Amino acid sequence: MREQIQIAVQDILPDPAPVFALQGYPPNVHPDARALGIFKSAMGLLLGLARPVAVWMDITAEEFQSIYEGEGDNAPATPLERIYPQAEHFVLFAATLNEPVCDEIKALFANDDFALGAMLDSLASVAADLMGGRIEEHYLRTASSSPGPNSNGLMRYSPGYCGWHISAQKALFRRLRPEGIGITLRESYLMQPLKSISGVMLCGRPEIHRFRPDYPFCSECCTKSCVDRIKKMKKGRPPEVRSD
Amino acid sequence: MSLLSQISEQLQLGLEEEVAALTREAIQQNMTPKDILDNGLIAGMNIVGEKFRSHEFFLPDVLLAAKAMYAGMNEIKPLLIKDKVPSMGKVVIGTVRGDLHDIGKNLVGVMLRGAGFDVIDLGNDVPPAKFIETARNAGAKVIGMSALLTTTMPAMKEVVALLKSEGLTDQIHTIVGGAPVSQEYAREIGASAYSYDASNAVDRIRALMN
């Protein structure tokens, strides 16, 4: 199955905390009224400009293996090479906020409105990430009526992270064809518009996603988001699906 | 409080209209543009930089101050040109070939201009030769390169190697930065310096200029 979905902007509006974290605020520092005002203005721009759209498709384990191998540049050992053979369902996805948001960030900088431009950039980065959650929810709702995935353990992985080389984007794009929703891939494997995401959702038992973050590339990782993601995935407890 | 101190204070608060008005007043009082720049605008931005380093200020504060700095600069720019006041130095910046991420590079540009440097921003996806050609033609002493991806980082190495092959490393320094870039990587490719954020880049470039 392959499906294109429109995502409501209201469903990907970020909380202030992760946005201010991207702006360099430590967790214990509360932004002042002026910074919160800029956040609010950036939120207004995002609401007016973002046109979030996504595409996803089921693929087979064999198809994913070829996408995972990509151009043959993956790290010698990766968590994903141990996880994916245990997965039951493989779903490629891509989503974008679309070009007007990126154009606005450029325009704000060109007009010396640096603070608002930088805030919109951070806001859009977090919103782009949130699109992944909305795709998961949509997939779980859709798949629940079909011979369904093991929804207890669904997790997203993307080329460019955790030893999965970014050049795998090429194979992913060949199969998924997200050009239809306005995402193109540059020679450097970067997606355009910049505020886009892509990857694979792997469904299976929750425990297949657990790994110890002690691979050589883990020491260079700035986010360590895998630790939180693994923690959230409690055995036997399905991820929360929004009802709205 | 002196007029120049007022300019510095209003700039720190990010009040662009006030900074522009005070700068005009300073010009009317026959203060030299260099005095206004050094002891009003740049002095204010230096305090903003210190407050940023001590976590008293955060990115929005710095960027609002930079906008106020630009407002003041716009008032004195014609006079600076007329008086042939030299800038702190010329810097060529850009995001390396293949990379479209420019937010970090833009912040470096904003901060450098705020510190009184003359910045030539080549944008993103800049070919290695373009950095060198621009720096050589403009007489820039520093090339600043940014990359957000491990796949585009090698372009930094190409620029440094190209500078070396053209015998320009004594005249043009290089500074690198971006999420995957580290001090070790800068050393490995032979870059003159590494910076971890926009404010730090200003300090490093100031040191390279000297």
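Where in chain A is the place of A:Pro193? In this predicted model, A:Pro193 sits in the loop between strand 6 (191–192) and strand 7 (196–204) of chain A, where helices (H or I, at least four residues) and strands (E, at least two) are DSSP runs numbered from the N terminus.

Residues are numbered from 1 along each chain as its sequence is written, and chains are lettered from A and ligands numbered from 1 in the order in which they are written. Because the model is predicted, local features need pLDDT of at least 70, side-chain atom pairs count only at pLDDT 80 or more, and totals for chains, interfaces and linings use all residues, while side-chain values use heavy atoms, with hydrogens and water left out.

Two further backbone features of chain A deserve a look. Most residues other than glycine have a negative phi, and most peptide bonds are trans. A:Asn98, although not a glycine, has a positive phi of about 80°. This asparagine is found in the loop between strand 3 (89–96) and helix 5 (99–110), and its relative accessible area of 18% makes A:Asn98 buried (buried means under 20% relative accessible area, exposed over 50%, and partly exposed in between, with a 1.4 Å probe and protein chains only). A:Cys162 is likewise not a glycine and has a positive phi, of about 55°. The loop that holds A:Cys162 runs between strand 4 (153–157) and helix 7 (169–176) of chain A; here the residue is partly exposed, with a relative accessible area of 32%.

Turning to the whole of chain A, the secondary structure comes to 8 helices and 7 strands. The radius of gyration of chain A is 18 Å, in agreement with the value near 18 Å for a compact globule of 244 residues; the radius is taken over C-alpha atoms, and the globule rule is 2.2 Å times the number of residues to the power 0.38. Along the principal axes, the C-alpha atoms fill a box of roughly 50 × 40 × 40 Å. Buried residues make up 49% of the chain. Of the contacts (heavy atoms within 4.5 Å) with a separation of 6 or more, 81% join residues 24 or more positions apart. Chain A carries 26 positive and 29 negative side chains, and the centres of the two sets lie 4 Å apart. In this count Lys and Arg are positive and Asp and Glu negative, with His and the chain ends not counted; the place of a charge is NZ of Lys, CZ of Arg, CG of Asp or CD of Glu.

Chain B has 9 helices and 5 strands, and its elements run α-α-α-α-β-α-β-α-β-α-β-α-β-α from the N terminus on. For its 210 residues a compact globule would have a radius of gyration near 17 Å, and the 18 Å of chain B agrees. Its C-alpha trace spans about 50 × 35 × 25 Å along the principal axes. In chain B, 53% of the residues count as buried, and residues 24 or more positions apart account for 72% of the contacts with a separation of 6 or more. The side chains include 20 positive and 25 negative ones, with the centres of the two sets 6 Å apart.

In soluble globular proteins, nonpolar side chains tend to be buried together. A nonpolar core is here a set of buried Ala, Val, Leu, Ile, Met, Phe, Trp, Tyr and Cys residues joined through side-chain atoms within 4.5 Å. The largest such core has 92 residues, and those touching the most other members include A:Leu46, A:Leu97, B:Leu11 and B:Phe117. Helix 6 (residues 114–143) of chain A gives the most to this core, with 16 residues. A second, separate core of 35 residues includes A:Val55, A:Phe64, A:Leu172 and A:Tyr215.

Not counting residues up to four places away in sequence, B:Phe117 touches residues including B:Met88, B:Leu112, B:Val202 and B:Met209. B:Ile175, in strand 4 (residues 173–177) of chain B, is buried, with a relative accessible area of 3%. B:Ile175 and B:Val142 are 33 residues apart in sequence and 7.3 Å apart in space, C-alpha to C-alpha. In helix 6 of chain A lies A:Asp121, which is buried at a relative accessible area of 13%. Leaving aside neighbours within four places in sequence, A:Asp121 is in contact with A:Ile105, A:Lys195 and, from chain B, B:Ile103.
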